[in-house]
Every structure is written in C-alpha cells, then in structure tokens.
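Me: I'd like to learn how to read salt bridges and helix packing in a model. Could you take me through some cases?

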Amino acid sequence: MTPGHDLRSSSDTVHVRATLDKAAAENFPVAPVFLPRAWRDGLTAVYGYARLVDDIGDGDLAPGGLDAVLLGLDPAAVDDRLAMLDAFEADLLRVFGGTDGPPRHPLLLDLQPVVRAHDLTPEPFLGLIEANRQDQRVARYETYADLLGYCELSANPVGRLVLSITGTATPERIRRSDAVCTALQIVEHVQDVAEDLGRDRIYLPAEDMRRFHVTAADLAAPSAGMAVRSLIACEAERAHELLDEGVPLVGSVHGRLRLLLAGFVGGGRAALRAVTAAGFDVLPGPPGPTKTGLLREVAAVLRTASRKG
C-alpha cells in the first residue's frame, strides 16, 4: 500500500490478519468479545502494533519483505532490524500528524483512528520501539533492576494504553498496571528461556544466575537440572508477587473492564501455575496454561478483587 490509497489490497488484509491472529497464543485475552466495540477495536489495533514491533525486533516477519516495502524500504531491508525499526518509527509519527502524508503500513493506518478517538500520545508507542532497539544491543541483564528498566519500555506501555483506551487512567491505577505488565513480561521470559537463548538472549538476571550457580550452558540443556529449576522458581515467585500487586487494580474498576483486567492477572497466574506443574523445567519448551486453568485463576482474581474493591 502506498500513501493516499483508500482501499487496502487483499494481500495487505491477509498480512494484517496473520499478525492479529497471533493473539490466540498469548497468555491473556487481547480483545475479548464481551467488551464494547470501541474498546475491542482500540485494543486490537494496539495489539497489532505491539505484535508487529516485536516481530521486527525478533526477526519474525513474514518472508518476502512485504513489511519493508510497506514502510518504503527495499524488500532486502527486512533483515536489517534497526533500519526496519527506524522506518516503523517514522511511520508511527505519521499517525500523529507527520507532514509527509498518512501512515504507510496498514496496521498503523488501523491505529490512527484509535489514537484520535482516545487522544493517545506517542510516548507508549515509542517505548515499545525503543525496547526492541535495546534487544538489538543488549543480550544480557546484570541485575533484576536492569530487567525492570527493560520492562518499563517493553511491557508497561501496553497497560497504560489499555487504561487510556478505557478512560480509566489514574496515577494509582497506572502504578498497579505497571506491576501487572512487568509480571506478564517476566512470565514470558520464564516460559521462553530456551527460545530466547536461541536468539542469544538471556532475560534471567546474571546476578541471580550466579547466586544459583547457573551458566548459559545449563540453560542450553534439553532438560533443567535442580539449579536451573531453583532459579526459575525464584523468578516465577517475583512475577507472582507483582501480579498480586495488580489485584487491587482489578477491584478499582467495574463491569466488563474488571473482567478484562482479571483476565490479564489470571492469565499470568495460570501460566505460572503451568510452570510450577512442570517442576520449573521450562527448557523442553514453554509450559502453557489450560483453558480450565485460566478460567479458574480468573475466577479467583475476581473473588479477591471483589473483597478488596
């Protein structure tokens, strides 16, 4: 698609659908059908944006270079992640009124009316791009505090956008939302240790690895030894504590938004329960929650939130 086209080509539609369909693999519901249409449209557009930024940063774009072409680059540039992120940022700025026309990428075209309808600002979107730039430069994190700094860019903006789209942002809710989003990011890191190592990334803090006498070679094993399991249990407990901080956020809202936020917290808890059930051995592949387990955890979050709300 080129700037100025009003009609999306069928290939662009298929391409967008392929990105949005990845929502089914997430630990939490992205835009469930019980939400008002305006919220669903907004959350879907934000998910599409965040998913595409991560796919650029991880080198997981569809083959053929279509995303590069959509952003005005040569198809071969699809493998240059920093160039792609720069081009994507330039296209994002068109969403917010750039002087060289409308956005070029169809996912950003979908985002533009959402930005206008909810008066969203560029900062959270730019944070997600910067997190993926950081992924190209930083492959290890020395301390837990360093990892939290990364989550401030890679995860917390999403929760803040959810609050903005639903018109419920307050300083206290943002603080609680940040805790939930950071927790969900850590859960993902815990589940994806083997996959991340395949990309030469380790999101387990180096100081914790030393404390539990775990090396990168230990993480490359087909199955986790006791030291690795103890390390994973430690990081999982940190994520669980952060999710607990988010329960009052669920209790502070009402109606369908309460159910959505309970889905986020419950999804994280269900994923951690799956990790625990696997004996904290995440190296064969990411342990995933069952649908029954997810529903059970969401119900538990709602009960607790009702008492605290």
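Me: Is Arg-160 buried, partly exposed or exposed, and what is its relative accessible area?
Reply: Relative accessible area sorts residues into buried (under 20%), exposed (over 50%) and partly exposed in between, using a 1.4 Å probe and protein chains only. Arg-160 has a relative accessible area of 32%, so it is partly exposed. A word on the source: this is a predicted model, in which local features need pLDDT of at least 70 and side-chain atom pairs count only at pLDDT 80 or more, while totals for chains, interfaces and linings use all residues. Residues are numbered from 1 along each chain as its sequence is written, and side-chain values use heavy atoms, with hydrogens and water left out.

Me: Which residue forms a salt bridge with Arg-160?
Reply: The general idea is that side chains of opposite charge can pair when their charged atoms come close. The criterion for a salt bridge is a side-chain nitrogen of Lys or Arg within 4 Å of a carboxyl oxygen of Asp or Glu. Here the partner is Asp-178, with the closest N and O atoms 2.5 Å apart. This pair links distant parts of the chain, 18 residues apart: Arg-160 sits in helix H8 (residues 156–165) and Asp-178 in helix H9 (residues 171–191). Helices are DSSP runs (H or I, at least four residues), numbered from the N terminus. Asp-178 has a relative accessible area of 12%, so it counts as buried.

Me: At what angle do H8 and H9 pack?
Reply: For packing, axes are lines fitted to C-alpha atoms over the stretch in contact, and angles run from 0 to 180 degrees between N-to-C directions. H8 and H9 pack at about 135°, their axes 8 Å apart. That makes H8 oblique to H9; the classes are roughly parallel (under 35 degrees), roughly antiparallel (over 145), roughly perpendicular (65 to 115) and oblique for the rest. By class, three are nonpolar, four polar and three charged.

Me: What is the angle between H2 and H6?
Reply: Helix H2 (residues 37–58) and helix H6 (residues 123–137) pack at about 15°, with 9 Å between their axes. The two are therefore roughly parallel to each other. From H2, the contact takes in Val-46, Tyr-49, Ala-50, Val-53, Asp-54 and Gly-57, which meet Phe-125, Leu-126, Leu-128, Ile-129, Asn-132 and Gln-136 of H6. This contact has eight nonpolar, three polar and one charged residues.

Me: Which residue does Arg-37 meet in a salt bridge?
Reply: Its partner is Asp-41, at 3.0 Å from N to O. Both lie in H2, four residues apart, about one turn of the helix. Arg-37 counts as exposed, at 56% relative accessibility, whereas Asp-41 is partly exposed at 39%.

Me: How far apart are the closest N and O atoms of Arg-211 and Asp-208?
Reply: They are 3.5 Å apart, in another salt bridge. Arg-211 and Asp-208 share helix H11 (residues 206–211), three residues apart. Arg-211 is partly exposed at 48%, while Asp-208 is buried at 2%.

Me: How many salt bridges does a search of the whole structure find?
Reply: The search finds 24.

Terms used. Contact = heavy atoms within 4.5 Å. Nonpolar A, V, L, I, M, F, W, Y, C, P; charged D, E, K, R; others polar.
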